[in-house]
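Biologist: I would like a close look at one part of this chain, the helix you would pick out. Please take me through that part slowly, then show me how the rest is put together.

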Amino acid sequence: MRMIKALLVVTIFCSIFSCSKEKRIEEIYQECLYNSLSDKGEALKRFSQGFEKHLIKIKILKDSTPESYYNIYKSIANGKRYPSYYKYSYIDSINKIERYKINPSNKKCLEDITDLEEFKKSKLYKINKVALPISEKGSYDFSKMVASILPIMEEKDFELDYYKHKVYMFLYFSDILFY
């Protein structure tokens, strides 16, 4: 009887104070992408971890903390460019992974999350709202784009694979377009 009362108290407490952590839209997207791959995203995670280690080794990232990723965003927003001397093609690595699946899966997963009711309340929605008009103008001013995104971001966002991947993509594309 005591056990039942204890479980009842915990259940009521959790329903009042929301004990279960809701997944963020970015996590739902990333899981969708991972699950669309035959290895459930293991190779993609491995390539991301390898790139992270490489960026730490050459001191572009201080370490693997969210603070280090956030600092890269701040430096890009302030106009810093990272040249291609890091000689690691993250995109080429990704393209080795079921290339025929990644782009369609990416598109489908994006469509799936934008259909969710929570999407319009999400940080990703707010970021897209400020970043899309800049990119639609054909502007590849990544400093301007990141500067517009930065006020929305927090260090803790970079705990998510989704935002770490965005850092890698900014580094890659800014390298191609500026050097």
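Modeller: Start at G79, which follows helix α4 and has a positive phi, near 100°. This is a predicted model, so keep that in mind throughout.

Now step back into the helix itself. α4 runs over residues 66-77 and has 12 residues. From its first C-alpha to its last, α4 reaches 17 Å. That is close to the 16 Å expected at 1.5 Å a residue.

Look next at which side chains of α4 are covered. S68, Y69 and Y70 are buried. I72 and Y73 are buried too. Towards the end of α4, S75, I76 and A77 are also buried.

The chain holds 9 helices and 0 strands. Read from the N terminus, the elements run α-α-α-α-α-α-α-α-α. The chain has 179 residues, and 37% of them count as buried.

How do parts of the chain meet? Take the contacts between residues at least 6 apart in sequence: 75% of them join residues at least 24 apart.

Helix α8 is another place to look for burial. α8 covers residues 142-149. Its buried residues are F142, S143, M145, V146 and I149. Seen down the axis of α8, these buried residues fall within an arc of 165°, so they line one face of the helix.

Finally, turn to the cysteines. A disulfide is a covalent bond between the sulfur atoms of two cysteines. A search of the whole structure finds 1 disulfide. C32 and C109 form it, with their sulfur atoms 2.1 Å apart. This pair links distant parts of the chain. C32 sits in helix α2, residues 25-36. C109 sits in helix α6, residues 99-114. About the S-S bond the angle is -80°, and the link of C32 and C109 is left-handed.

Is each cysteine buried or partly exposed? C109 has a relative accessible area of 1%, so C109 is buried. C32 has a relative accessible area of 22%, so C32 is partly exposed. The cut-off for buried is under 20%.

How values were computed: Residues numbered from 1 in each chain as written. Predicted model: local features only at pLDDT ≥ 70, side-chain atom pairs only at ≥ 80, totals over all residues. Heavy atoms only, no water. Helix = DSSP H or I, 4+ residues; strand = E, 2+ residues; numbered from the N terminus. Buried < 20%, exposed > 50% of the residue type's maximum accessible area, 1.4 Å probe, protein only. Contact = heavy atoms within 4.5 Å. Expected span 1.5 Å × (residues − 1). Arc of directions from axis to C-beta. Disulfide = S-S within 2.5 Å.
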